[in-house]
Amino acid sequence: STVARSPVARSRSEDSRAAKHARKRDAQLHLELTPVTVQQPAEPVVVAEPAVLVAEPEAATLSKRSTPKPAAGMTPGTGKARRELKRRQQEDEAAANAKLQPYSISVRQEEAGRTMVAWTHLTARPGDVDAWVGLHQLLDKEADDDEELVHVFGSLALSSRIQFKGISSTKFEGECVFPLHAGRLENGDYLIALHNDVGEKRGNLFLAVSQTFTILNGAVCSNKRAKKC
């Protein structure tokens, strides 16, 4: 049997369906009207690197290094200042050339009686090539017939070594005490020479010679004072 619905119940059901339909329609309309926002990507931040500035040297600084100053009391450009400048340049060139000399030797006599020998041996460490310094007497080559006892260095005729001292230093320059026994030597002119045992001559090659000095009656004198000793 079918139960008949009352007019009130039918009216409520129809109102409910109408309300649902209205809410669905409003929701769809809201979606259609809502704008869509697209987020743009952020632009990258560029950090500028600091600039590096290199200072150019001043012309005044360069001129100070390359050109010596005139002496005190001299005006640049005068003849006296130019001569002084030329003299200084010549001294600088001479000092530079002296540094290029591979061998040198000099002798000085101390008040205590010691003979000091200063030497320079730039081609090798003296101790590695058996370098040594030797005492030689100046000879008259024309008067000496024994060729084996005479050695020539430039215009000098020298005897074979009379006394010597080895240099075992590993430095390229230095100073040592030379065992000079003046009381055992005859009167005459002498010098001390620098040698090493490298090459065919092995010790007979004179690398450098010192200034000459005179031995008179067992005392060491310079040539200028020899007559006063």
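Me: How many helices and strands does the protein have?

Reply: The model, which is predicted, has 3 helices and 11 strands. Read from the N terminus on, the order of the elements is α-α-α-β-β-β-β-β-β-β-β-β-β-β.

Me: Why is Asp 130 called partly exposed?

Reply: Its relative accessible area is 47%. Buried means under 20% and exposed means over 50%, with partly exposed in between. The value of 47% falls between those cut-offs, so Asp 130 is partly exposed. Asp 130 sits in the loop that joins strand S2 (115-121) to strand S3 (132-137).

Me: Why does Asn 217 count as exposed?

Reply: Exposed requires a relative accessible area over 50%. Asn 217 has 65%, so it counts as exposed. Its place is the loop between strand S10 (213-216) and strand S11 (219-221).

Me: What makes the phi of Asp 130 worth a remark?

Reply: The angle is near 55°, a positive value, and the residue is not a glycine. Most residues other than glycine have a negative phi. Asn 217 also has a positive phi, of about 55°, and is not a glycine either.

Me: How do you know that S2 and S7 pair?

Reply: Two strands pair if there are at least two bridges between them. S2 and S7 have 6 bridges, so they meet the definition, and they run in the antiparallel sense. Within this part of the structure, Ala 118 stands opposite Glu 175 in S7.

Me: Which strands form the open sheet, and in what order?

Reply: The sheet has 3 strands, in the order S1-S2-S7, with antiparallel pairing.

Me: Why do strand S1 and strand S7 stand at the edges?

Reply: Strand S1 (103-109) and strand S7 (173-178) each have a single partner strand, so one side of each is left without a neighbour in the sheet. From one strand to the next, the twist averages 20°.

Me: What share of the residues in the protein is buried?

Reply: Of the 229 residues, 22% are buried. To be counted there, a residue needs a relative accessible area under 20%. By that cut-off, Asp 130 at 47% is not buried, because its value is not under 20%.

Me: What percentage of the contacts with a separation of 6 or more is between residues 24 or more positions apart?

Reply: Residues 24 or more positions apart account for 56% of those contacts. A pair counts as a contact when heavy atoms lie within 4.5 Å.

Conventions. Residues are numbered from 1 along each chain as its sequence is written. This is a predicted model: local features need pLDDT of at least 70, side-chain atom pairs count only at pLDDT 80 or more; totals for chains, interfaces and linings use all residues. Side-chain values use heavy atoms; hydrogens and water are left out. Helices (H or I, at least four residues) and strands (E, at least two) are DSSP runs, numbered from the N terminus. Buried means under 20% relative accessible area, exposed over 50%, partly exposed in between (1.4 Å probe, protein chains only). Axes are lines fitted to C-alpha atoms, for helices over the stretch in contact, and angles run from 0 to 180 degrees between N-to-C directions.
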